Amino acid sequence: MEQPPRQITAIQAAATLTSTNIGVGVLALPLFTVQAANSGAPLVTLLGFLLAFVGFVPLVLLGMRFPSQSFVQYSEAIIGKWPSWIGSACVIAFFAVLTAFTSREFGEVVITAVLTRTPVEVTVIVMLLLAAISTRKDITTFAYIHHFYFPLLLVPVLLIGALSLKNADVINLLPIWGNQPTFMLEGILTTAALFEGSFVIAVVIPAMKRPDYALKANFWGMLVGGALYVMIVVATVSVFGAEETSNLLWPTLELAKATSLPANVLERLDAAFLAVWVTTVFTTLLSSYFLTVTELQKLFRQREHKMFSLFMLPFVFFIAMLPQNISQMYATIKIVGRIGLIVTIVYPTLLLVIAIIRNKRGEHADAQQMGKND
Amino acid sequence: MLSRWAKTIKLPLVILIVFPLLSGCWDRLELEERAVVLGISIDTAEPEEVQQEGAITFHSDNVSFPKKDLISVSVQIAIPGKIQLGPSENSGSGKGGTVQSVWVVKVVGYTLDDALVNLQQQISGRLFYGHLRVIVVSEAVARRGMENINDFLRRNSEVRRMAWMLISRGRAEELMKSKPQLERVPTLYLISTMDSAVRMGRFPQNYIGMFWSNMSKKGQEAFLPYVEMKKEQNIELKGLAYFRNDKMVGATRSLEMGTYMSLKGVNPAGYRGFVQIGNPPGTVTVYATSRRASVSVRIIDNVPHFQVNVFTEINVEEKFSDTFALNNSRVLEEIRKENRRQLSEAAERLIKETQRAGSDIFGFGEYLRAKRPGFWDRRVKTKERWQEMYKTVSVDVKVDSRVRRIGMKAK
């Protein structure tokens, strides 16, 4: 089996992580966290982020331990063929479902807020097609796409955050732990679930120039994503107050609606925000789709992942169309998110522990490169 | 052979995919096919209007709404091509006065949506709310409760949070039909009235989004501008219409808007007030130039005590008589003392008034929730409990002010 070229820099890996994590979830995030702990929403976001931040370290360590193998391959080396086959199949199935629901959530937002007469099937299939076609490229292009869109995703979030400060009121953020938070843990898990896309680092590491920088890339990539999340929640809650935020289905979108550029350039930013948000959803979809497809290729020991791109499309689309209404969709997303935490955090952690106990270790990247040169 | 066959099939395939994507989406809507709504007014339906309810959203036998809850909605729709930007030259074309640039249509319904559906049934273009800037609600409707109106507007994705909502004394419909001289479009005149009031410090910024936020907060009640149309089609800001939950429970007087803004420390400051001083006896008019305010709370015997510290800087604008001169610090000191006394009295009166109505428009409750969460969680918790407790809390207002300037006259 030929190895992918090692071309991805640490910065690209970090950009990939950030733009994967910032996705469809940012619109509803303030609502979820406010439901968990009213004015303590920023704290919930921070704790959820920290949980994911720490939770993904074992995966990165695994990747660095087996720097030239993909997740499917090294899990086979660690726990044997059949158990690992089941585990990997779960991971792949999970990311297929995640892709499906991401596209569905996107579709719901678009037809509710902008294109009210367009059928949801169309918005979903267009987005999925776009992602599917883009996943036919190799990992280097994949990282380039993320790197390219990275600034585009950073600017509007920062802009809205800064401009909304004008209407912000600190009282809305106090007390920072919330007034008798009841669903704190639930909120933390829901927020952590929004970072599940970080699993993509498992695909990126084997293609990194210097896999030993993976931990650093992971650190910065997730930190930027987490900081943006906290900022969005702080901005939303400080402008609207916890109670009003809990009345809004997509508080971040409302924030963009209530924010105007100075000097009457744009009276409401929601159109601009949505346009950029489509890009961030695309990068998120691209990551989870790419993960599904490439791991599937490794699982079935195929030479190329291209054929899986279109092969998976009907399945993903079918899953996306399963929820009957928007409440059911969000309920399902929350459940899937919880399961996802087991698949993406607990399972790799177990693998790492077993790998350490059994003292399994992959070839070192440099050693392998040298071996090739010989 | 195969490649040529592939080529011939590829082109139609590309066309097949590209054309549906490029030919536009389902939501294409030409400008002249939409009816752009600029303003909406909501009144209670008058007896003779009751019969006009169109029964379009329901069959009249299986829905029972009380007839007295009917509302009458006037909608101001922009007439495409008639709204000119900037000054126009065609006023000399013989008709004189303003050219009709908007079309006001009145409908009756049980709810806001019902009324608008009835309206859509009578109008060809699709109603579009993206440019809805002003919603005027009559006092009668506001006192009955605005839950339904807020719900519809919040649910609609086109309505902006930066629109203004006004409470009108008397029929709200009049404001939709008004023909102000300064602007071609009545709603734009209403907007500029409100915007410049905010700029001049005559009214706190209070878009519909902020109104909703205040209404949802547990420790705060909402307020809206209370307006009245005058003879010359001008609009007077009469005060703050304050709410309890979604129902209007009272309105302040004009100067109390200034008092409210002092208590909240809103800048710029724009109100003038008489100050009657005793030594030397006389009256001057002063205006505040800037305000600062801070709140602190203490819990004594399970009752919250609030202290508001207000600081205003004032200038003298007018003096009534020549019996004294404004040429030394002692007189200014006298004015300052008197202003302090008057402002704190006015503030306490306003707070008392809202306490009687159980409407905490100042957000003291929010302050308590934020700064004393332990007390709040134990004793208050809900909006209803705070509304009751607000009636009993004590609020001390301490005003400090400085007289800085006396204008261009030396005496």
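**View 1. B:V14 counts as partly exposed because its relative accessibility is 46%.** Here, buried means under 20% relative accessible area, exposed means over 50%, and partly exposed lies in between (1.4 Å probe, protein chains only). This is a predicted model, in which local features need pLDDT of at least 70, side-chain atom pairs count only at pLDDT 80 or more, and totals for chains, interfaces and linings use all residues. Residues are numbered from 1 along each chain as its sequence is written, chains are lettered from A and ligands numbered from 1 in the order in which they are written, and side-chain values use heavy atoms, leaving out hydrogens and water. You can find B:V14 in helix α1 (residues 2–22) of chain B; helices (H or I, at least four residues) and strands (E, at least two) are DSSP runs, numbered from the N terminus.

**View 2. Meet the largest nonpolar core, with 112 residues.** A nonpolar core is a set of buried Ala, Val, Leu, Ile, Met, Phe, Trp, Tyr and Cys residues joined through side-chain atoms within 4.5 Å. A:F71, A:F199 and A:W277 have the most contacts inside this core. Helix α14 (residues 270–299) of chain A gives the most to it, with 13 residues. A second, separate core has 53 residues, including B:M194 and B:F362.

**View 3. Look at strand β5 (residues 134–138) of chain B, where 5 of 5 residues are buried.** B:V134, B:V136 and B:S138 point one way from β5(B), while B:I135 and B:V137 point the other way. Two strands pair if DSSP finds at least two bridges between them. Strand β1 (residues 34–44) of chain B runs parallel to β5(B), joined by 4 bridges, and B:I42 stands opposite B:V137. Strand β6 (residues 164–168) of chain B is also parallel to β5(B), with 5 bridges; here B:L166 is the bridge partner of B:V136.

**View 4. A cis peptide bond joins A:L174 and A:P175.** Its omega is about -15 degrees. A:P175 sits in the loop between α8 (139–164) and α9 (184–193) of chain A. Most residues other than glycine have a negative phi, and most peptide bonds are trans.

**View 5. Two residues other than glycine show a positive phi: A:R301 and B:D301.** For A:R301, phi is about 55 degrees, and this residue lies in the loop between α14 and α15 (306–320) of chain A. For B:D301, phi is near 50 degrees. B:D301 belongs to the loop between β11 (281–300) and β12 (303–319) of chain B, and B:D301 counts as exposed because its relative accessibility is 70%.
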